[in-house]
Every structure is written in structure tokens, then in C-alpha cells.
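Reader: Hi! I'm new to reading structures. Could we go through this one together?
Author: Happy to. Here it is.

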Amino acid sequence: KQWYQRRVRGGGDSKEWYPCTKLGRLVKDGMIKKIEEIYLFSLPIKEAEIIDFFLGSKLKDEVLKIMPVQKQTRAGQRTRFKAFVAIGDYDGHIGLGVKCSKEVATAIRGAIILAKLSVIPVRRGYWGNKIGMPHTVPCKVTGKCGSVLVRLVPAPRGTGLVSAPVPKKLLNMAGFEDCYTCATGQTATLGNFAKATFAAIAATYAYLTPDMWSPTVFTNSPYQEYTDYLAKPFVKQPKKEVKY
């Protein structure tokens with residue numbers, strides 16, 4: 001009984017993040033200063049807390065849709081809820097998460113975590129002269145999911161986002177100010193429409209433009225650089241017991 005009371009009363013320490021991956025350890029201990037270092041070496045992010053560590057206060061999430069899905073069983077139907085959540089900092093980072101669960105709240109919570117794990121960098125560019133900050137897509141890019149094909153086309157400054165409501169939310173969260181869009185296929189399927197737009201946004205960094213032709217100077221990845229540090233056993237700090 002005493003243990004239970006102590007556990008409940010002193011539950012404030014449970015929010016402490018104890019990393020379970022090498023990358024998490026390097027991030028928490030300040031070895032990796034920027035999230036771009038992770039993207040530079042294409043290191044897989046397995047913990048949502050890594051994204052919170054770098055972008056926590058800037059990130060905003062929005063539930064795009066909650067839809068019921070059913071499975072036929074011998075006893076009838078089993079209904080679950082599927083949540084689509086977009087997350088972004090409105091300044092060059094965006095993620096999309098999809099989660100299915102028996103309860104709506106659990107589905108949304110799971111979708112937010114998956115959206116954080118799928119956060120990608122977004123490349124922005126110019127329509128004409130390179131004046132001011134980048135404001136549109138650097139070139140024409142396409143993304144496809146199911147029958148839905150989304151094409152993003154650079155637009156002049158002041159155009160705004162010429163788009164349907166679903167891609168508009170994603171483009172806005174990614175930090176684009178001006179963009180023309182073209183969509184074909186069954187765009188009423190919101191999940192595929194959102195995924196196709198996300199794939200198109202991800203393609204902005206996949207396209208190699210002439211200004212990126214300069215020779216690449218290779219450096220060691222964080223795992224290589226901090227090998228000796230990672231070789232040491234990770235000691236989990238004991239929780240402080242609160243005595244009453």
C-alpha cells in the first residue's frame with residue numbers, strides 16, 4: 001500500500017525521457033545539435049521524443065480525418081477508428097501519421113506519434129529571381145498514392161496556395177507560401193490524397209538541381225564519430241523517492 005501511494009504521489013518523474021536508441025542517447029546528451037545532422041546521414045528516427053527535443057514548441061498538429069473501418073467477424077462487425085494526423089512547424093518540417101484503434105482518442109494519440117516519427121525536411125525555392133526568402137517549391141514535383149496523383153508547380157510570389165483543402169493544410173504546415181497544384185484520380189479518398197501530397201513534398205529534396213552539383217565532402221556519421229561514447233554502458237538514473 002505504501003509503495004502504491006508513493007508511486008502515485010511521486011509520479012511527476014515519469015515524464016523524464018530515457019532514450020532506448022543510440023540516436024536518442026546522442027540527442028539527449030547534446031552530441032547532435034541540429035535535426036539536420038540526422039537527415040544528412042539518413043539516420044532512422046525510432047523515438048518521437050527526438051523530434052520533440054528539436055521542434056517541440058514549434059510543432060502544431062491537426063487531425064485531418066477520423067473514419068470508422070469495419071472487419072466482418074462471425075459475431076458481426078468489429079468497428080475501429082482510423083485517424084489521419086498532419087504535423088508541422090510551418091517552417092520546413094512536416095509529418096503525416098495514420099493510426100487505427102478501438103477508441104478515437106487512442107487512434108489520434110498513436111497517429112501523432114507516427115506523424116512525429118515520419119517528420120521530413122522540406123526544400124523551398126523561388127519562382128523567378130532569388131529575392132527574399134524561398135517561398136515556393138524549387139521545381140515541379142509529383143507524388144502518388146493509390147489512384148491519386150498530386151503535382152506541385154512553382155508559383156510567383158503573392159499567388160498563395162492554389163489548392164484543394166487537404167493539400168492546402170499540408171503545404172501550409174510545410175512552410176510554402178505560394179504554390180499551384182494539380183490533382184488527378186479519386187481525390188475524395190482523403191487518406192490517399194494526403195499521402196500523395198506528402199510524397200510530393202518529400203520529393204523536393206529527392207530532386208538534384210544544378211546548384212547541388214558541387215563535390216560532396218564526406219564526414220563521419222554521428223555513430224562513427226561518437227563510437228567510444230556509445231560503447232560505454234548507458235546507466236539509467238535512479239528515480240528519487242519522495243518520502244512523506
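Predicted model: local features only at pLDDT ≥ 70, side-chain atom pairs only at ≥ 80, totals over all residues.

Reader: Ok, and how many bridges join β6 to β8?
Author: There are 5 bridges between β6 and β8, and the two strands run antiparallel.

Reader: What order do the strands take in that open sheet with β5 and β7?
Author: The order is β5-β6-β8-β7, which makes 4 strands, and the pairing is mixed.

Reader: Which strands stand at the edges there?
Author: Those are β5 and β7 (161–162). Each has a single partner strand, so one side of each is left without a neighbour in the sheet.

Reader: What happens in the hairpin of β5 and β6?
Author: There are 2 residues between the strands, and G146 takes a positive phi near 65 degrees.

Reader: Nice. Which residues of β5 are on its covered face?
Author: V141, G143 and C145 are on the covered face, while T142 and K144 are on the uncovered one.

Reader: Why every other residue?
Author: In a regular strand the side chains alternate between the two faces of the sheet. You can follow that along β5, which spans residues 141–145.

Reader: How many bridges do β3 and β4 have?
Author: They pair over 2 bridges, in the antiparallel sense. Look for H93, which stands opposite P121 in β4.

Reader: Helices now! Which residues of α4 are buried?
Author: In α4 (residues 48–55), the buried ones are A48, I50, I51, F54 and L55. Seen down the axis of α4, they fall within an arc of 155 degrees, so they line one face of the helix.

Reader: What covers those buried residues of α4?
Author: The cover includes the helices α2 (22–28), α3 (35–40) and α5 (104–117), along with the strand β3 (93–101).

Reader: Zooming out, how many helices and strands does the protein have?
Author: It has 9 helices and 8 strands. The C-alpha atoms fill a box of roughly 65 × 60 × 30 Å, taken along the principal axes.

Reader: And what percentage of the residues is buried?
Author: Buried residues make up 35% of the 244 residues. If you take contacts between residues at least 6 apart in sequence, 59% join residues at least 24 apart.

Reader: How about the surface of the protein?
Author: The accessible surface comes to about 15100 Å², and 54% of it belongs to carbon and sulfur atoms.

Reader: Last one: how many positive and negative side chains are there?
Author: The protein has 38 positive and 19 negative side chains, and the centres of the two sets lie 9 Å apart.

Reader: Great, thanks!

Terms used. Residues numbered from 1 in each chain as written. Heavy atoms only, no water. Buried < 20%, exposed > 50% of the residue type's maximum accessible area, 1.4 Å probe, protein only. Pairing = 2+ DSSP bridges. Contact = heavy atoms within 4.5 Å. Areas by Shrake-Rupley, 256 points an atom, 1.4 Å probe, with all protein chains shown as cover. Lys, Arg positive; Asp, Glu negative; His and termini not counted. Charge placed at Lys NZ, Arg CZ, Asp CG, Glu CD. Arc of directions from axis to C-beta.
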